[in-house]
Amino acid sequence: MTLLTRASPALRQSLARSSARAPVRFSHGHAYTPADAVPFSFKSKGAFGAKVATYLLTGFAIPFVAAWYQLKKSGAGGA
């Protein structure tokens, strides 16, 4: 038995009414397109790929650089 079937008739009616809403209007009344959802452009796929790779590799490298720096600072690290 689901929660909705155990709910009062008034609650079920309000839930049924709330699910039939009007479509959302976006700013300036224009229709939604997926290109509007991101704050950058994909005009040059190669440049975009290079920027994403740089961003991800930098984030991945930070812990390793920090560990190397701490080991070097303590004198335990190599070169």
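**Exercise 1.** What does the accessible surface of the protein come to, and what share belongs to carbon and sulfur atoms?

Solution. The model is predicted, with local features requiring pLDDT of at least 70 and side-chain atom pairs pLDDT 80 or more, while totals for chains, interfaces and linings use all residues. Residues are numbered from 1 along each chain as its sequence is written, and side-chain values use heavy atoms, without hydrogens and water. By the Shrake-Rupley method with a 1.4 Å probe (for residues, only the protein chains shown count as cover), the accessible surface is about 7,300 Å². Carbon and sulfur atoms hold 68% of this surface.

**Exercise 2.** State how many helices and strands the protein has, then describe α3.

Solution. Step one: the protein has three helices and zero strands, taken as DSSP runs numbered from the N terminus (helices H or I, at least four residues; strands E, at least two). Step two: α3 covers residues 45–74. Its 30 residues reach 44 Å from first to last C-alpha, close to the expected 44 Å, which is 1.5 Å times one less than the number of residues. Step three: α3 bends by about 35° at A61, and P63 follows within four residues; the bend is the angle between axes fitted to the seven residues ending there and the seven starting there. Step four: just after α3, G75 has a positive phi of about 90°.

**Exercise 3.** Is V52 buried, partly exposed or exposed?

Solution. Step one: buried means under 20% relative accessible area, exposed over 50%, and partly exposed in between (1.4 Å probe, protein chains only). Step two: V52 counts as partly exposed because its relative accessibility is 33%. Step three: V52 lies in α3. Step four: for the whole protein, buried residues make up 1% of the 79 residues.
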